[in-house]
Amino acid sequence: MKSVITKEQKEELVTDQHKIGMFIKKLREEKNITQGEFAASLKTSQSAVARIESGNQNITIEQLMKMGDALNHNILGIQTTIDFKVEGGRKLSGSIQTNTSKNGAVNMMVASLVNQGTTILRDIPHIEEVSRYKELLESLGVKIRWVYDDTALSITPPKKLTFSKMDKDAAVRIRSFTFAGAFIHYAESFTLPHSGGCKMGERTVAPHKYALDYLGVTIETKASHYVITHKKLKPGIIPLYESSDTGAITAIIAASKIDGITTIKFAPPNYQVQDVCFLLQKFGVQIEGIGSTTLVVHGKSDINVDIEHYNSEDPIESMFFLSAGIVTKSKITVTRCPIEFLTLELEKLKRMGLKFSLSKEYISKNGKTKLVDITILPSHLTAPSDKIHTQPFPGLNNDNLPFFVPISCFAEGQTLIHDWTWENRAIYFTELNRLGADIKLLDPHRALVTGVKKLRGAQIVSPPALRPTAIILIAMLAAEGESFLRNVYSIKRGYADVAERLNSIGAKITVLRGI
C-alpha cells in the first residue's frame with residue numbers, strides 16, 4: 001500500500017530541511033568555502049548546493065556524510081544524550097526561587113582576569129556554560145576551583161596566560177570573543193576562534209571590534225578565528241557601534257586596566273553589564289554612570305586584591321518560571337526576582353490580563369540589585385493590540401521575548417512577535433506547532449501566534465539554542481499527555497537542575513539518559 005504524506009508531515013519535513021540547510025551554510029562559510037568549491041568537492045552542481053542551503057532539497061544520510069567529510073565536521077554522529085519525558089497538563093503550585101544569572105556569572109569570570117589577586121565569585125550556578133568557561137580558563141593556566149561547598153568559584157590568574165594550550169573545543173562552544181577585553185592585558189598578539197553559543201544566526205563581533213579599536217587594538221578576521229594585536233593601549237571615548245550587552249562588557253573590562261579615563265557611550269545598562277561594573281568597583285576601579293547609557297571608567301593598570309563578590313539573580317530565569325505558571329494556569333510564587341529587569345515584561349503581561357502581585361522590595365546579596373517575590377494567579381489572557389518586540393534595556397529583554405510565544409499560544413486572538421535581533425531564532429518558534437500551536441512564520445524575524453484552547457503532547461528534538469528549547473519545555477508542561485524533549489544540552493547550558501526544580505512545584509518530568 002502506498003504511503004501518503006499528510007500536510008502536517010510535509011510542513012515538518014520542509015522545516016527540518018530548512019534548518020539542516022542553514023546549518024550546512026553556516027559550516028561552509030565558517031570554513032571560508034564558496035558554494036562553487038563546495039559543489040566541486042561533492043561532485044554536484046552549485047545550483048544543487050544553493051537548493052540544499054535554502055531548504056529546498058531533500059538530503060539523504062549518505063549525502064550528509066559526504067558533506068560532513070567535505071566540511072571536516074561530524075554532521076552525523078552517535079552520542080550519549082539526555083532527554084526529558086514530560087507528563088503535561090498538570091497544575092503547578094508553591095514557590096520557586098530564582099537562581100543567580102548565567103550571563104552575570106560568565107562575564108564576571110572573564111572580568112576576574114584583570115585582577116592579579118584572588119577573586120571569589122559567590123553563588124555561581126552549576127550549568128554547562130559555566131563549565132565551558134572554566135575549562136577554557138584552566139587550559140590557559142588560571143587557577144580556578146569550586147569553593148564554599150561548590151557554590152562559588154575561586155579564580156587566581158597567572159602572570160602570563162598559556163594561549164598555545166587554549167582548549168579549542170571549549171572555546172568554540174561559547175562566546176569566546178568576550179575574553180578579548182581581558183586577554184589584551186596578557187599579550188600583544190593572540191587568536192580567538194569564532195564565537196559559539198546558541199545557533200540562531202550569525203553573531204556580529206562589530207561592537208567588540210570597533211570598541212577595542214578606540215583603545216589601540218587591531219582585530220583581523222580569518223576563516224575560523226580572529227587575530228587580535230596591539231602595541232600600546234590607550235584610553236579613549238567609545239561610541240558603541242551597537243547597543244550590545246557583551247560589546248559594552250568587553251569595552252568596560254578592557255578599559256578597567258588602562259590607566260586614564262575611558263568614556264563608553266550607548267552602553268545598555270542591563271543586569272549583566274551592571275554585574276561586571278559592580279565587580280570592577282570591588283577591584284578598586286572607579287566607574288561613573290552605572291545604570292545609565294554612558295559609563296566613565298577610571299582605569300588602573302595595577303589591580304591586585306583578594307575579594308569576594310556575589311552574583312545577582314537572573315531575570316531570565318524568573319521569566320522562565322513565571323511563564324511555566326502562566327501556561328499551566330497555576331498559582332505560584334517566584335521569589336528573588338530582579339524587578340528592575342522585569343518591569344516592562346510584567347507591564348505587557350498585565351495588559352494581556354495576567355493577575356499578579358508583588359512583595360515589598362528587598363536587596364540581593366550583592367548589596368545592589370532590588371528583588372521582589374512575584375505571585376501569579378490563573379488568568380484569562382487576550383492578545384495585545386500591538387506587537388511584542390525587544391529593545392536594548394530598559395526595553396523588553398531580548399532573552400525574555402521567546403517566553404511570550406508559549407504564553408501567546410493561550411491568549412485569545414493573534415499576537416505578533418517581532419524578534420528583530422536574530423535572523424533565525426523566530427524559525428524555532430514554529431516548533432511549538434508540533435504540540436498543536438498555531439504559529440505562522442511571516443519572515444525570519446516575525447511570527448504570528450493565534451491562541452488555541454489546548455496543546456497536545458509530542459516528541460521534539462531540542463533546537464541548538466537555549467531560549468527556544470526552554471519555551472518548548474514550557475509548552476510541554478501545558479500540553480495534554482506525554483511529551484519527549486530530546487537532547488536537552490541546550491537548556492542545560494543555562495538552567496541548573498531544571499527538571500528537578502520544576503518537579504518541586506508540581507511538574508512531572510523524568511530525566512532519560514542513553515544513546
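**Exercise 1. How much space lies in the largest cavity, and which residues line it?**

The model is predicted: local features need pLDDT of at least 70, side-chain atom pairs count only at pLDDT 80 or more, and totals for chains, interfaces and linings use all residues. Residues are numbered from 1 along each chain as its sequence is written, and side-chain values use heavy atoms, without hydrogens and water.

Step 1. A cavity is a set of points, on a 1 Å grid over the protein atoms alone, where a 1.4 Å probe fits but cannot get out; lining residues have an atom within 4 Å of a point. Points are joined across faces, edges and corners, and the volume is the space filled by probe spheres set on them.

Step 2. Read the size. The structure holds three cavities of 30 Å³ or more. The largest has about 50 Å³ of space.

Step 3. List the lining. It consists of Lys102, Asn103, Val106, Asn107, Glu129, Tyr133, Arg175, Thr178, Thr246 and Gln272. Two elements, α5 (102-111) and α6 (128-139), each give two or more residues to this lining. The top contributor is α5, with four.

**Exercise 2. Describe helix α5 and its N-terminal end.**

Step 1. Helices are DSSP runs (H or I, at least four residues), and strands are E runs of at least two, numbered from the N terminus.

Step 2. Check burial (under 20% relative accessible area, 1.4 Å probe, protein chains only). In α5, 10 of 10 residues are buried. Among them are Lys102, Gly104, Met108 and Met109.

Step 3. Look at the cap. Serine 101 caps the N-terminal end of α5. One of its side-chain oxygens lies 2.8 Å from the backbone nitrogen of glycine 104.

**Exercise 3. Find which strands stand at the edges of the four-stranded sheet.**

Step 1. Two strands pair if DSSP finds at least two bridges between them.

Step 2. Write the order. The open sheet runs β19-β21-β23-β22, with mixed pairing. β19 (388-389) and β22 (438-443) are the edge strands; each has a single partner, so one side of each is left without a neighbour in the sheet.

Step 3. Inspect one pair. Two bridges join β19 to β21 (residues 414-418), and these strands run parallel. Isoleucine 388 stands opposite isoleucine 417 in β21.

**Exercise 4. How many disulfides does the structure hold?**

Step 1. A disulfide is a pair of cysteine sulfur atoms within 2.5 Å.

Step 2. A search of the whole structure finds zero.

Step 3. Check two cysteines. Cysteine 337 is buried at 0% relative accessibility. Cysteine 409 is buried too, with a relative accessible area of 0%.

Terms used. Buried < 20%, exposed > 50% of the residue type's maximum accessible area, 1.4 Å probe, protein only. 1 Å grid on protein atoms, 1.4 Å probe; cavity = no way out; pocket = protein on both sides within 12 Å on 5 of 7 lines; lining within 4 Å. Polar contact = N/O pair within 3.5 Å; in protein donor to acceptor, adjacent residues only side chain to side chain.
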